[in-house]
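Please read these points with the model open.

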Amino acid sequence: MSVEHRPLAWNIGEEILGLDLSKPLDAATVAELRDLLNNRCILLFRDQFISPEEHIAFTRQFGETMHTPALERMLHPDYPQIWQVTNVRQKDGTESFSRNTGRLWHSDQTYMPEPAKGSLLHCKEIPSVGGDTMFANAYLGYEALSDVMKEMIAGLWAVHDLNEVEERRSRVPPLTPEEIAKTPPVTHPLVITHPETGRKILYVSQQVTCQIVGMSKEESKPLLDFLHSRIVLAEHTYRHQWRPGDLVFWDNWCAQHFAPMDYNQADRNERRVMWRTTLAGGPVDGDKTAPAAA
Ligand code: SIN
């Protein structure tokens with residue numbers, strides 16, 4: 001039986017209809033979902049009131065869950081495969097570590113040598129207004145470049161550093177020295193090839209890509225900003241307004257995402273609770289050899 005689906009936006013996203021994610025899927029359905037994800041970058045499943053165990057089991061039908069050695073403060077205390085993204089204060093009254101997670105465009109864990117393949121974000125609670133997530137198609141970011149620009153950036157690498165970008169540091173609690181030690185800067189090509197579709201992707205994030213290898217920071221910034229602006233052109237995006245029970249599954253190679261500060265976080269009753277599993281990926285540089293970080 002083939003999966004029923006309909007587009008969320010012209011250039012990105014597909015809503016999947018009629019599946020119950022609390023039950024294991026057959027191999028043909030998993031293959032069809034994987035194919036849709038590779039090509040449409042994000043999948044939405046509505047009305048999935050699943051348990052954490054079912055969320056993890058659904059994720060594992062697509063691969064291994066990822067462990068990120070730093071940022072253990074994000075982990076659910078009972079389910080280490082789940083990251084909690086929430087503005088709800090901790091039991092001792094302190095602010096949630098993750099209340100401003102994702103406030104700049106990015107794909108997940110590109111600050112790791114082997115970035116995440118996918119992420120599956122499940123909505124538990126949502127504020128009365130806002131709390132949205134935006135997504136952009138990074139295949140189209142690459143395809144929007146001129147042939148001359150494509151040629152200029154072919155072979156360039158960039159540094160991804162969780163602790164370097166000032167705009168990120170100003171929004172989130174500081175990392176501990178131990179967390180910094182666990183996430184040294186890494187390099188990835190500016191253009192990667194999706195291992196399953198073979199299409200090229202612009203691999204530059206606003207959140208952690210801080211320098212082009214071999215260039216100064218001052219030289220790098222305008223080029224990185226320009227390249228990133230091509231990914232997030234309005235026509236390449238979809239803005240998701242969450243409902244409890246929504247699960248959005250995105251491909252971290254071809255999709256970027258961003259959580260705008262679009263709700264009243266000062267009001268403690270405006271709770272946003274999202275649980276995320278992350279799919280392990282692999283090297284994004286194929287057989288290319290990384291130059292040393294600058
Ligand atoms: C994330 O960046 O993984 C979280 C995005 C969100 O909370 O909308």
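The points below take the sheet, then the helix.

1. Basis. The model is predicted: local features need pLDDT of at least 70, side-chain atom pairs count only at pLDDT 80 or more, and totals for chains, interfaces and linings use all residues. Residues are numbered from 1 along each chain as its sequence is written, and side-chain values use heavy atoms, with hydrogens and water left out.

2. Sheet order. An open, antiparallel sheet is built from three strands in the order β8-β7-β11. Its edge strands, β8 (186–189) and β11 (209–212), each pair on one side only. On average, neighbouring strands are turned by 35° against each other, direction ignored. Strands are DSSP runs of E, at least two residues, and helices are runs of H or I, at least four, numbered from the N terminus; pairing requires at least two DSSP bridges. Axes are lines fitted to C-alpha atoms, for helices over the stretch in contact, with angles from 0 to 180 degrees between N-to-C directions.

3. Four bridges join β7 (residues 157–160) to β8 in the antiparallel sense. V159 faces T187, and H160 stands opposite V186.

4. Faces of β8. V186 and H188 point one way, T187 and P189 the other, and all are buried (under 20% relative accessible area; exposed is over 50%, partly exposed in between; 1.4 Å probe, protein chains only).

5. Helix α2. In α2 (residues 52–60), P52, H55, I56, F58 and T59 are buried. These fall within an arc of 160° seen down the axis, so they line one face of the helix; the arc is taken from the directions from the helix axis to the C-beta atoms. They pack against β3 (42–45), β5 (118–125), β13 (247–251) and β15 (273–279), contact meaning heavy atoms within 4.5 Å.
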